[in-house]
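Trainee: I would like to learn how to read helix packing and backbone geometry in a model. Please take me through one case.

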Amino acid sequence: MKDKKIGNKNILPSVLQGDLVRQLKQDGAPDVDVARAVAELKARKRTLEAKELSLQPKDDIVDRSKMEDTLKRRFFYDQAFAIYGGVSGLYDFGPVGCALKNNILQAWRHHFIQEEQILEIDCTMLTPESVLKTSGHVDKFADYMVKDVKNGECFRADHLLKAHLQKLMSDKKCTAEKKAEMEQVTTQMDNYTQQELTDLFVKYNVKSPTTGNDLTAPISFNLMFQTSIGPGGNMPGYLRPETAQGIFLNFKRLLEFNQGKLPFAAAQIGNSFRNEISPRSGLIRVREFTMAEIEHFVDPNEKVHPKFPNVADLDITLYSSKAQTSGQSAHIMRLGDAVEQGVINNSVLGYFIGRIYLYLTRVGIAKDKLRFRQHMDNEMAHYACDCWDAEAKTSYGWIEIVGCADRSCFDLQCHARATKVPLVFEPNKGALGKAYKKDAKIAMEYLAQCDEGFIAEQERLLNETGEFTIESEGKSFKLTKDMVGVKRFQKTLHVEEVVPNVIEPSFGIGRIMYTIFEHTFHVREGDEQRTYFSFPATVSPYKCSVLPLSQNQEFMPFVKELSEAMTKNAVSHKVDDSAGSIGRRYARTDEIGVAFGITIDFDTVNKEPHTATLRDRDSMRQIRAEVSELPVIVRDLANATLTWAEVESKYPIFEGQETSKKDTVEE
């Protein structure tokens, strides 16, 4: 195998490169050679995907600038602190974006928490350093960064080096030999050490792209936001980089809540924080984002899901690690076959992949632009033993929107090893009572509720300084060694010890939202200025608009009646009684994705029983039904218990109103 040159794109096509990777592994080749071969294969895969994207039909490509103009103009979301110049990677959601996001989360709660009987918890975003040190985030959650030596501007090292090399390669004076060398460097970008990156920055004379100034050597930059907990600054902490750790730390209590039985699942929805060096691409790479995570705890000897047959017949696009290393494309596969053939490790993982697929397609992700890609060995997270990403095809290429990892028992074992045995405070009631009189009870109640991480930290302070301070109910207590101690206890149970494995589906809500925007954005045929979002009614910001044909006061009682009835039926709606033609107002509501529209016209006023039209946003077709029936029809459409086709089959198609302002009701 030594005569094969690794990393030259002109030598081997992707399939042969995959063969080379497998052969190197079989021969026990050095890790550095295997890593280079895998990096080369990944680079070719990216090139192939870029080519595929460039060849896709023109009508399959979203007009991103037009879409983003609509999103900003209608205030779906915008950069935070815009009047102060904005802050990269931070966004504010407006009324429409907020409603859409809430509906996406509500659909998630119904699809997973309610249907799967999952236990939902809500944990603090502030996390002591000891917790994240144990989980590996303090040491491993980092990227390399360089700084402009004069103005301090920061850049992510690997991204900047890659961009610099691409600029050098595009120069006509660049020789073929030099170009091949730089291509080789680019393919290995994910595998370089800090020192190797430093040498490359010197070798290629990389400068700041904005000022041309010199740069510092690459340094490791932890992506977590650091802070200190409490006024003394003695307890370092971080804003959480994921919501999962709160669930792991409460595992014992959740297990007790579930009567000590496995399997069970817990979930949490909340914001997480990652101090990205160079956030970009709108909602795709940000510094504060909403996550929805599930931790499904299962006996490692019983990784079989009883409800897997419910999803086994789904046909899903899968991109296994084997297919990637062989240079093959993703292909559609029956989920049951994928588990039976070992492509997906077990039916628990397979079940959640199926449920994720059903959820994503339900909220607006296009089936033909969705795939599940398995992580290759060299890109697996430090806590995972197998991982599949739900990836969506966008104008930015394929992006990860959901991760589904088999975390094995990594986190539970880490926290168990770190805490060793349970800890509790042991207060000296006499000494506390003497020092704080009747307030001693407040201090003792506080000490009884402390978690083990806090106890361990205070024990350290007690040993080092002889005291620590707590605050409760607005009072401060300085506790010394004679007032409180720390007791360790351990129970011996003569039972089989099982450390559960964890299957973790992790949803990036912002990325899902952005993908929905792209997959549902359309331009009306024949009118380039009329754009609309075809959100599924389930997640539409407003389910229905109520539009009087004009500002004629005769319409107002019906507008009020419909609005009140909609509210009683829990149907979110928007009344638009502003000036302007009905066509223009339809366009305004279409632009923010309102699913249906009710119009009150002169037939509503002049005829009995009173009727109004109901319009479907996507087809622009309308039916006519009694005013009293419409709120229930819209509710059922929004809940997906009724289809528009069923509505059209039951009610007459609207062709045009038959009466006008001057007409009166016939006697």
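Trainee: How many helices and strands does the chain have?

Mentor: Helices (H or I, at least four residues) and strands (E, at least two) are DSSP runs, numbered from the N terminus. The chain here has 24 helices and 28 strands. This is a predicted model, in which local features need pLDDT of at least 70, side-chain atom pairs count only at pLDDT 80 or more, and totals for chains, interfaces and linings use all residues. Residues are numbered from 1 along each chain as its sequence is written, and side-chain values use heavy atoms, with hydrogens and water left out.

Trainee: What share of the residues in the chain is buried?

Mentor: Buried means under 20% relative accessible area, exposed over 50%, and partly exposed in between (1.4 Å probe, protein chains only). Of the 667 residues in the chain, 48% are buried. As for contacts (heavy atoms within 4.5 Å), take those in the chain between residues at least 6 apart in sequence: 68% of them join residues at least 24 apart.

Trainee: What span should helix H19 have, and how far apart are its end C-alpha atoms?

Mentor: The expected span of a helix is 1.5 Å times one less than its number of residues. H19 covers residues 509-520, so its 12 residues should span 16 Å, and its end C-alpha atoms, 16 Å apart, agree with that.

Trainee: Is H19 largely enclosed or open?

Mentor: Largely enclosed by the rest of the structure, because 11 of its 12 residues are buried. Among the buried residues of H19 are Ile509, Met513, Ile516 and Phe517.

Trainee: At what angle do the axes of H4 and H19 cross?

Mentor: Axes are lines fitted to C-alpha atoms, for helices over the stretch in contact, and angles run from 0 to 180 degrees between N-to-C directions. The axes of H4 (residues 95-114) and H19 cross at roughly 110 degrees and come within 11 Å. Angles under 35 degrees count as roughly parallel, over 145 as roughly antiparallel, 65 to 115 as roughly perpendicular and the rest as oblique. H4 and H19 are therefore roughly perpendicular to each other.

Trainee: Which residues make the contact of H4 with H19?

Mentor: H4 contributes Gly97, Leu100, Lys101, Ile104 and Leu105, and H19 contributes Ile509, Met513, Ile516 and Phe517. For classes, Ala, Val, Leu, Ile, Met, Phe, Trp, Tyr, Cys and Pro count as nonpolar, Asp, Glu, Lys and Arg as charged, and the others, Gly among them, as polar. This contact has seven nonpolar residues, one polar and one charged.

Trainee: Where do the axes of H3 and H19 come, and at what angle do they cross?

Mentor: The axes of H3 (residues 64-73) and H19 come within 11 Å and cross at roughly 115 degrees. Arg64, Met67, Glu68 and Leu71 of H3 meet Tyr514, Phe517 and Glu518 of H19. By class, the contact of H3 with H19 has four nonpolar, no polar and three charged residues.

Trainee: Now the backbone. Is the peptide bond from leucine 262 to proline 263 cis or trans?

Mentor: That bond is cis, with omega near -5 degrees. Proline 263 sits in the loop between helix H11 (251-257) and strand E10 (264-273). The bond from glutamate 608 to proline 609 is cis, with omega near -5 degrees.

Trainee: What is phi of phenylalanine 75?

Mentor: About 55 degrees, a positive value although phenylalanine 75 is not a glycine. Phenylalanine 75 lies in the loop between H3 and strand E1 (77-79), and is partly exposed, with a relative accessible area of 37%.
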